[in-house]
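The following exercises ask for a reading of a structure, each with a worked solution. Please consult the sequence and the coordinates alongside the text.

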Amino acid sequence: FAEGFDAQLVGVLGYDMPEKICAAVRNMTAAGHWHDTLDAGCGTGLCGPLLRPISRALTGVDLSPKMLEQAARKAVYDALACEELTAFLLRSPNQFDLMVAADLMIYFGDLTALFAAAAAALKPTGLFAFSTELWTGEGYRLLPSGRFAHSSQYVRLTAARAFAEVFHAETTIRLEAN
C-alpha cells in the first residue's frame, strides 16, 4: 500500500494532520530555532517537508521498509530508521528536542511505554507533538477500523507522568465513511 498511500490518504480521505500538527509546532516554538527533530512513525514522509525548514537534523523512523522507501524519495531526511519506535527511542537518550507523531498513536493501545520512551529520547526542554483519535469512553479502545482511539483524560493522565501539556486542539484527522 506504500506506493499509493499518499494519494489515498490525502486525496481521497482529506488527511491534513501533517499540516495541522506542524503549524501548531511552528506556533509554539521560537522563530529561527532549529530543532533536532524526530518524525516518529514517519510513514511515507508527509511531515518531512514541513519539518525540514525548522530542523537542524531530521530523522524519520518507521516499521515499514516500503513506507521508508517513499519517505527517502522526498529527499528531506538526514536519516531514516526501520525499527520499532519504543526500542529506537530507548536507544536515543536526550537526542531530540522535537518529536512529531502525526497519526501514530492509533497503532498503540496503552501509551505508557511510548510516553516513557519519548521522554527519555527528548532533551529536557523537548516538545512532543502528537495526534490521537478520540474515544469518548474511558481509557482506550480498538476500533472496528483496526485503529486505537484514546480518551482525552487517559492521554492527559498518561502523558502527565513525563510531559506538561502546552497546547491541545480538537480537529478532524481524516474522512471516515464520507
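**Exercise 1.** Does K20 count as buried, partly exposed or exposed, and what is its relative accessibility?

Solution. The model is predicted: local features need pLDDT of at least 70, side-chain atom pairs count only at pLDDT 80 or more, and totals for chains, interfaces and linings use all residues. Residues are numbered from 1 along each chain as its sequence is written, and side-chain values use heavy atoms, with hydrogens and water left out.

Step 1. Buried means under 20% relative accessible area, exposed over 50%, and partly exposed in between (1.4 Å probe, protein chains only).

Step 2. K20 has a relative accessibility of 29%, so K20 counts as partly exposed.

Step 3. K20 belongs to helix α2 (residues 17–28); helices are DSSP runs of H or I with at least four residues, and strands are runs of E with at least two, numbered from the N terminus.

**Exercise 2.** Describe the aromatic pairs formed by F128 with F130 and with F163.

Solution. Step 1. Rings of Phe, Tyr and Trp (its six-membered ring) pair if their centres lie within 6.5 Å; planes under 30 degrees apart count as stacked, over 60 as edge-to-face and the rest as tilted.

Step 2. F128 and F130 are 4.9 Å apart centre to centre with 50° between the planes, a tilted pair. F128 is buried at 10% relative accessible area, whereas F130 is partly exposed at 26%.

Step 3. F128 and F163 are also tilted, at 5.6 Å and 55°. This pair links strand β5 (residues 122–130) to the segment after α7 (152–159), 35 residues apart.
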